[in-house]
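Here are my notes on the model you passed along, point by point. Have it open beside you as you read.

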Amino acid sequence: LSASMYFGQTDESKFATAVEAVATLAFSAAKKNDKVGAIFVSDHVEKYIAPEKGRKHALVILRELIEFVPKSKGTNLNEALKFFRNTQKKRAIAFVISDFIDTNNFMEGLKVSKKKHDMVAIRLNDQAEYELPKMGLIQLYNAESGLKTWVNSNSPLVREKYATDFRASEERIFTDFKKSGIDFANISTTDNFIKPLMVLFQKRGR
């Protein structure tokens, strides 16, 4: 629930796409009569909903998620992963739904969690994040830290460096997931999120 999750070039922000993914996973679990719970996280655990069975409980999770107002704008996925390990003593499937814009070493938290649980990463992105618009001198604002930076977006070198750095960061995340044996799907706010989820589950043989 960090501030970066509310970014989007259309009406469909990363958060809105996350809600749709949560709905799909929660109702799928309810249909299979599996328990489903949720941990809302920013740079700390904002809310915990203990796992229960049933469609009614899935609806509770969705309502809470849609209406919830986080107290913090930052990101620390390790806080949620630590909380998850401490509360879930039996083996579980955990879907970490995030844009993974996190300066903390969340991969270590995922690796530790994977020793006992089945960890799956759902990575959210928006196409506007991949390149700077050509708009002259513009101010970039970090919604989580509050830092502001002026850049000349008309400069080909500036735009190229931004795009290169973003894609390199994305590739590092995917490479780390693969090396750690963590199944993942990459979901865009501008595309149908069902297809990558179907590919993920087919890969997992479920």
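1. At what angle do the axes of H3 and H4 cross, and how close do they come? The axes of helix H3 (77–87) and helix H4 (residues 106–114) come within 8 Å and cross at roughly 15°. Axes here are lines fitted to C-alpha atoms, for helices over the stretch in contact, and angles run from 0 to 180 degrees between N-to-C directions. H3 and H4 therefore count as roughly parallel (angles under 35 degrees count as roughly parallel, over 145 as roughly antiparallel, 65 to 115 as roughly perpendicular and the rest as oblique). Helices (H or I, at least four residues) and strands (E, at least two) are DSSP runs, numbered from the N terminus.

2. Some housekeeping before going on. This is a predicted model, in which local features need pLDDT of at least 70 and side-chain atom pairs count only at pLDDT 80 or more, while totals for chains, interfaces and linings use all residues. Residues are numbered from 1 along each chain as its sequence is written, and side-chain values use heavy atoms, with hydrogens and water left out.

3. Back to the helix pair. The H3–H4 crossing is left-handed, a label used if the near helix is turned anticlockwise from the far one by less than a right angle, with right-handed if clockwise. On the H3 side the contact (heavy atoms within 4.5 Å) is made by Leu 77, Asn 78, Leu 81 and Arg 85. H4 brings Phe 106, Gly 109, Leu 110, Val 112 and Ser 113.

4. H4 has another partner, helix H5 (residues 156–179), and these two pack at an angle of about 20° with their axes 11 Å apart. That makes H4 roughly parallel to H5 as well, but the crossing of H4 and H5 is right-handed. Look for Phe 106, Met 107 and Leu 110 in H4 meeting Ile 173, Asp 176 and Phe 177 in H5.

5. Now for the nonpolar cores. A nonpolar core is a set of buried Ala, Val, Leu, Ile, Met, Phe, Trp, Tyr and Cys residues joined through side-chain atoms within 4.5 Å. Buried means under 20% relative accessible area, exposed over 50%, partly exposed in between (1.4 Å probe, protein chains only). The largest core has 26 residues, and Phe 40, Leu 65 and Ile 122 touch the most other members. Helix H1 (14–31), strand E1 (36–41), helix H2 (55–67), strand E4 (118–125), strand E7 (183–188) and helix H6 (194–204) each supply at least two residues. H1 gives the largest share, seven residues.

6. What does Leu 65 touch, leaving aside its neighbours within four places in sequence? Its contacts are Leu 1, Phe 15, Val 19, Val 22 and Phe 40.

7. Is Asn 76 buried or exposed? At 14% relative accessibility, Asn 76 counts as buried, and its place is the loop between H2 and H3. Its side chain reaches the backbone nitrogen of Asn 78 at 3.2 Å. Beyond four places in sequence, Asn 76 is in contact with Val 41, Ser 42, Asp 43, Asp 102 and Asn 104.

8. Compare that with Asn 192, in the loop between E7 and H6. Asn 192 is exposed, with a relative accessible area of 55%. The side chain of Asn 192 reaches the backbone nitrogen of Ile 194 at 2.8 Å. Asn 192 and Thr 17 are 175 residues apart in sequence and 9.5 Å apart in space, C-alpha to C-alpha.

9. Check the backbone at two loop residues. Asn 33, in the loop between H1 and E1, has a phi near 65°, a positive value in a residue other than glycine. Asn 33 is partly exposed at 47%. Phe 100 also has a positive phi, of about 55°, although it is not a glycine. Phe 100 sits in the loop between strand E3 (93–98) and H4, and is buried at 3%.

10. Last, Tyr 162 in helix H5, which counts as partly exposed at 27% relative accessibility. Not counting residues up to four places away in sequence, Tyr 162 touches Glu 129, Tyr 130, Glu 131 and Leu 132. A polar atom of the Tyr 162 side chain lies 2.9 Å from the backbone oxygen of Glu 129.

Notes
A polar contact is a pair of N or O atoms within 3.5 Å; within protein, one must be able to donate a hydrogen and the other to accept it, and residues adjacent in sequence count only if both atoms are side-chain atoms.
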